[in-house]
Amino acid sequence: MHFIQTVLLLSSVLLAAAKYDPAKCEVCITFLSKFRTTLDGLDGAVQNDHNKIDKELRKACKTTQPKDERFCWYIGATDTSATGMTQLVTKPLAFHKPVEKICGDLYKKDSQICDLKYEKKVDLKTVNIKKLKVKELKKILEQHGQDCKGCTEKSEYVKKVEAIALAQGRTEL
């Protein structure tokens, strides 16, 4: 009897740990909220037809940033996707279901969807650039469409990032 109670308690703890939390589903909620906004700008015939929404979703997924692209891949909205769960997004969108609930349903099907996180943006106006790691400096350069070919020292990366910071309005370095 004690063994059964222990097993039930353990299983309830595991179920509670695996519960959907909207705060942890950042990419899904953000992408679908932006997508819902674009749908709101279209006529009602598109907003209420899940097949037309599917076409719009696939079109939106072709012009996304990397984390959004990975989300699109998970739901099957890209050409290279292995799965096809777009109807779990498009049908609820046609019925105007809240985005948080749609992401909760997707989480039940594939919990990896909520593991996606956006990279934190570095505020170049306040950060001490010289204390950043080379990896972070490279990421900043990449985000701004620049590279540092031939850079071998950290100081060279720092100079390039400082130039970007000055261009963004930073007054002192």
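How many helices and strands does the secondary structure of the protein chain come to? I counted nine helices and zero strands. For this I took DSSP runs numbered from the N terminus, H or I of at least four residues for helices and E of at least two for strands. Read along the sequence, the pattern is α-α-α-α-α-α-α-α-α.

**Ground rules.** I am working on a predicted model, where local features need pLDDT of at least 70 and side-chain atom pairs count only at pLDDT 80 or more, while totals for chains, interfaces and linings use all residues. Residues are numbered from 1 along each chain as its sequence is written, and side-chain values use heavy atoms, with hydrogens and water left out.

**Whole chain.** I looked up burial next. Of the 173 residues in the protein chain, 33% are buried. Buried means under 20% relative accessible area, exposed over 50%, and partly exposed in between, with a 1.4 Å probe and protein chains only. The chain exposes about 11,600 Å², and carbon and sulfur atoms supply 55% of that. These areas come from the Shrake-Rupley method with a 1.4 Å probe; for residues, only the protein chains shown count as cover. I then checked contacts (heavy atoms within 4.5 Å). Among those between residues at least 6 apart in sequence, 57% join residues at least 24 apart.

Beyond its neighbours within four places in sequence, leucine 32 is in contact with Phe71, Val89, Val99, Ile102 and Cys103. On H7, I listed Val99, Ile102, Cys103, Gly104, Leu106 and Tyr107 as the buried residues. Their cover includes H2, H5 and H6.

**Single residues.** Is aspartate 54 buried or exposed? Aspartate 54 is buried, because its relative accessible area is 16%. It lies in helix H4 (residues 50-61). Leaving aside neighbours within four places in sequence, aspartate 54 is in contact with Thr86 and Thr90.

I found histidine 96 in the loop between H6 and H7. At 43% relative accessibility, it counts as partly exposed.

Lysine 138 lies in helix H8. Its relative accessible area is 44%, so I logged lysine 138 as partly exposed. Its C-alpha atom is separated by 9.5 Å from that of valine 158, 20 residues apart along the chain.

**Largest pocket.** How much space lies in the largest pocket? I noted about 310 Å³. A pocket here is an open set of points on a 1 Å grid over the protein atoms alone, where a 1.4 Å probe fits, with protein on both sides within 12 Å along at least five of seven lines; lining residues have an atom within 4 Å of a point. The lining is Gln65, Pro66, Lys67, Tyr118, Glu119, Lys121, Lys139, Glu142 and Gln143. Helix H5 (66-75) and helix H8 (134-143) are the elements that give two or more residues to this lining. H8 gives the largest share, three residues.

How values were computed. Points joined across faces, edges and corners; volume = space filled by probe spheres on them.
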